[in-house]
Amino acid sequence: MNSKEERRTMYGPGKSDRLVVPPKPTNEGRVAARPEERVEGRSLAKGNPSQRHRHRTQSRTELGQALERVRQAARKDKGQRLTALWHHVYDVNRLRAAYFASKHDAAAGIDGVTWQAYGQGLEDRLERLARRLQQGAYRPKPVRRVFIPKADGRERPIGVPTLEDKLVQRAAAEVVGAVFEAEFRGFSYGFRPGRSQHDALDALVVGIKRKKIGWILDADIRGFFDSIDHGCLLGFVQRRIADARVHEVIRRWLRAGVLEDGAWHVVEEGTPQGGNISPLLANIYLHFVLDEWLDEWRKTRAHGDVIVVRFADDFIVGFQHQGEAERFLEELGERFRQFHLELHPDKTRLIRFGRFAAKDRERRGEGKPETFDFLGFTHICARTRSGAFQVLRKTMRRRLRNKLREVKAELARRIHHSVPEVGRWLGSVLNGHAHYYAVPNNSRAVRAFRNQLVVLWYRTLSRRSHKADPGWRRMYRWAARWLPTPRVRHPWPEQRLCVTT
């Protein structure tokens, strides 16, 4: 067999930027004939059943072990660039796990293929997808752009990839994320395994209470996801990953473009929100632009205490001294301009906040300390009954109003549904709201949300006809059955943070 027949290319024939990768030889020294045997480290022993018939639990265990080996390699030498990662992405088991982890009712992309439709002949589809990924024949399709309303009345553009692109992105995000988990800082919480919004909220409260924090920088990046520079992002990825096939597929996702009103538009910068890979790419970008620089700044430039909490593109920085906070804000703007980012001038502000903020503002005749919003909660300087300083967290009024407006519209659509059906749905809404917002000292806001649900339900039932008024006595019985009063779902920040860290 000549050398040309023993090679396979990534980009297909006719491309000048061809990457030649030799296939994985078998134990007998011949070239593997089956796709399963061509994957590095995944050759099948004689007599073993095909991978498509393996038990799903066994597959998940093997996938977890493969990712753990990637994590160990990344942690072993943080200056090392990993080269052999692509075979983890086109693993059929990983693609299958990505399919079952996808939302069953998610919107379809430009090809119109839904989760249920793709599941018909799933194994054959996954085998063909894995083969295209292995041979370099995979080409992502443009994303379908839709707009969803934001809390401030504007609209947020969301990209809807095709289901097949979602599977590949989810598989790639697992592999690439396993590499960069060794790089990410501890104060970064967004879209990382084992970390949630409440972990970030707890870290912020504990940091303000235990450190000498007197000033809070509430920063907002203007149009972050639409401002990411593709060249800088790919350069950041290449700092830890040397596999050119990973670079190329990320570049193709960034350059796939969007389809809006039937017209295709090329995307020169930014990453569409809605894809499985977008949160990871955003974390990588902000890690090198913000996290590394900020961590070095507070270690070498600051003389007082500095705390940082970041969740995706939302971040809060606390300072002990006003002068350091003002100097940091100025240097942060210059740092962002180097990477095509910009702080929002109307939403970025430096406020007096902390254990001494109330007395300081009272001495100056400025009233109560200002508040700031973070991850759906308004943070307030307060005191306990014994006089100790504490940070109160209340549900943001804007979030509460928007949620009630959505419930009202949905109740109007379900106006003729049965009482048990609507009651079960409202119970799920209340349970989901309480699951996030039922933190200590926020019980009053959660109870107010429940009461508003009861009022909206009563008004909807009264509009069925001129004789449809259920009466408040009956309404209270239905509310007690379907909308029980929620309790506090979360421990105090100090308790949970001490356990998790």
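## Ile284 and the largest core

In this predicted model, Ile284 touches Val176, Phe180, Phe184, Leu233, Phe236 and Val237, leaving aside residues up to four places away in sequence. Ile284 and Tyr285 are the residues with the most contacts inside the largest nonpolar core, which has 78 residues. Helix α12, residues 278-300, gives this core its largest share, 12 residues.

In soluble globular proteins, nonpolar side chains tend to be buried together.

## A separate core

## Helices α4 and α6

Helix α4 covers residues 92-101 and helix α6 covers residues 122-135. The two pack at an angle of about 125°, and their axes are 9 Å apart. The angle therefore makes α4 oblique to α6. The crossing of α4 past α6 is right-handed.

On the α4 side, the residues in contact are Val92, Leu95, Arg96, Tyr99 and Phe100. They meet Leu122, Glu123, Leu126, Glu127, Leu129, Ala130 and Leu133 of α6. Sorted by class, this contact has 9 nonpolar and 3 charged residues, and no polar ones.

## The chain as a whole

The chain has 501 residues, and buried residues make up 50% of them. Its secondary structure comes to 19 helices and 13 strands.

Of the contacts in the chain with a separation of 6 or more, 68% are between residues 24 or more positions apart.

Notes:
Residues numbered from 1 in each chain as written. Predicted model: local features only at pLDDT ≥ 70, side-chain atom pairs only at ≥ 80, totals over all residues. Heavy atoms only, no water. Axes fitted to C-alpha atoms, helices over the stretch in contact; angles between N-to-C directions. Helix = DSSP H or I, 4+ residues; strand = E, 2+ residues; numbered from the N terminus. Parallel < 35°, antiparallel > 145°, perpendicular 65-115°, else oblique. Left-handed = near helix turned anticlockwise from the far one by under 90°. Contact = heavy atoms within 4.5 Å. Nonpolar A, V, L, I, M, F, W, Y, C, P; charged D, E, K, R; others polar. Core = buried A, V, L, I, M, F, W, Y, C linked by side-chain atoms within 4.5 Å. Buried < 20%, exposed > 50% of the residue type's maximum accessible area, 1.4 Å probe, protein only.
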